[in-house]
Amino acid sequence: MANWIIAHANAITIWCAAISTFAIYSVLYAENKFYRFFEHVFIGLASGYSMYITWNEVIYPKWWKLMVNDGQWYWAFAAVLGSMFYFMYSRKHAWVSRVIFGLFMGLGAGGAFREFYQIYFPQIGASMKPVVGGGMSVWDTLNIVIFYVILFASMSYFFFSFDHKSAAIKHTAMAGRWFLMIGFGAMFGATVMGRMTLFIGRFNFLVNDWFPQAKSDWSSGIFRALVSLFALALIVMIVRAIRRPKVKHE
């Protein structure tokens, strides 16, 4: 059995990936148990893989190895701090967990502010470019002018300290609103393109990897019998799902 699995490891991998792909995309038709099963399998695999990565790349090299192999015994206090999180399950001693939660929230806020400063402040400074000079062409100047127009129009939309009664402020704020909507539309389009990229990747896998493998396996009588049983079971499930009476929600 082990030798058969090793000899057909590539085919088994391709079929598992294809069945998982069909199961996940079956939710596009309706919520079903086939999708739910593979969703739980995916979550379980992701959880197990994340635990392995956490132990192999973080806990063991940066805590356990230093404490046990290198003699840095003071790392044992990290286990005390980490165990404080579990007091959240005790009503009487929940305050202990709030101490460590507050400590880590403060550290996280400080790290996030430093990351924001290091990433966005240089971008803000680099955006403030001169309009003319420095060997700039007409198109460079036009590009920077468009940037400033969009920037100040978008900022004017969020000026709530005074009423937008003036025609100049009112129309500038309206233009800023349109620019914001265009920006949000571009972000939504990028998100849709990301989902389409995932779908195209899985479609290429089905066409270029799975279909040739299925075509090769179709010459086996055992394979044809298994596919027939699977198709029959799938038809029975679909018929039962169609005939099942719908529950009326009051």
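Glu31, Arg36 and Glu39 are linked in a network of salt bridges. A salt bridge here is a side-chain nitrogen of Lys or Arg within 4 Å of a carboxyl oxygen of Asp or Glu. The structure holds two of them. Arg36 pairs with Glu31, and the closest N and O atoms are 2.5 Å apart. Arg36 also meets Glu39 in a salt bridge, at 2.7 Å from N to O. Glu39 and Arg36 are three residues apart in helix α3, so about one helical turn separates them. An α-helix has 3.6 residues a turn, so residues three or four places apart point the same way. Arg36 counts as partly exposed because its relative accessibility is 37%. Glu31 is also partly exposed, with a relative accessible area of 48%. In these terms, buried means under 20% relative accessible area, exposed means over 50%, and partly exposed lies in between (1.4 Å probe, protein chains only).

The model is predicted; local features need pLDDT of at least 70, side-chain atom pairs count only at pLDDT 80 or more, and totals for chains, interfaces and linings use all residues. Residues are numbered from 1 along each chain as its sequence is written, and side-chain values use heavy atoms, with hydrogens and water left out.

The protein has eight helices and zero strands. Its elements run α-α-α-α-α-α-α-α from the N terminus on. The radius of gyration is 30 Å, well over the 18 Å that the globule rule gives for 250 residues, so the protein is more spread out than a compact globule. That radius is taken over C-alpha atoms, and the globule rule is 2.2 Å times the number of residues to the power 0.38. Helices (H or I, at least four residues) and strands (E, at least two) are DSSP runs, numbered from the N terminus. Along its principal axes, the C-alpha trace spans about 80 × 60 × 55 Å. Buried residues make up 12% of the 250 residues. The accessible surface comes to about 20,800 Å², and 72% of it belongs to carbon and sulfur atoms. These areas come from the Shrake-Rupley method with a 1.4 Å probe; for residues, only the protein chains shown count as cover. Among contacts between residues at least 6 apart in sequence, 26% join residues at least 24 apart. Contact means heavy atoms within 4.5 Å.

Helix α3 covers residues 33–69 and has a kink of about 60 degrees at Tyr60. The kink lies shortly before the proline Pro61. The bend at a residue is the angle between axes fitted to the seven residues ending there and the seven starting there. At the start of α3, a side-chain oxygen of Asn32 reaches to within 3.1 Å of the backbone nitrogen of Phe34. Tyr35, Phe38, Trp63 and Met67 are buried in α3. The buried residues of this helix pack against α2 (9–25) and α4 (76–83). Gly71 follows α3, and its phi is positive, near 75 degrees. Trp73 lies in the loop between α3 and α4. Trp73 is exposed, with a relative accessible area of 61%. The C-alpha atoms of Trp73 and Ile14 are separated by 48 Å, with the two residues 59 apart along the chain.

Ser97 lies in α5 (residues 94–127). Ser97 counts as buried because its relative accessibility is 4%. A polar atom of the Ser97 side chain lies 2.6 Å from the backbone oxygen of Ala94. A polar contact is a pair of N or O atoms within 3.5 Å; within protein, one must be able to donate a hydrogen and the other to accept it, and residues adjacent in sequence count only if both atoms are side-chain atoms. Leaving aside neighbours within four places in sequence, Ser97 is in contact with Met84, Phe85, Phe87 and Met88.

Ser154 lies in α6 (residues 138–157). Ser154 is buried, at 13% relative accessible area. The backbone oxygen of Ile150 lies 2.8 Å from a polar atom of the Ser154 side chain. Not counting residues up to four places away in sequence, Ser154 touches Gly176, Phe179 and Leu180.

Ala168 is found in α7 (residues 167–217). Ala168 counts as exposed, at 51% relative accessibility. The C-alpha atoms of Ala168 and Gly106 are separated by 44 Å, and the residues are 62 apart along the chain.
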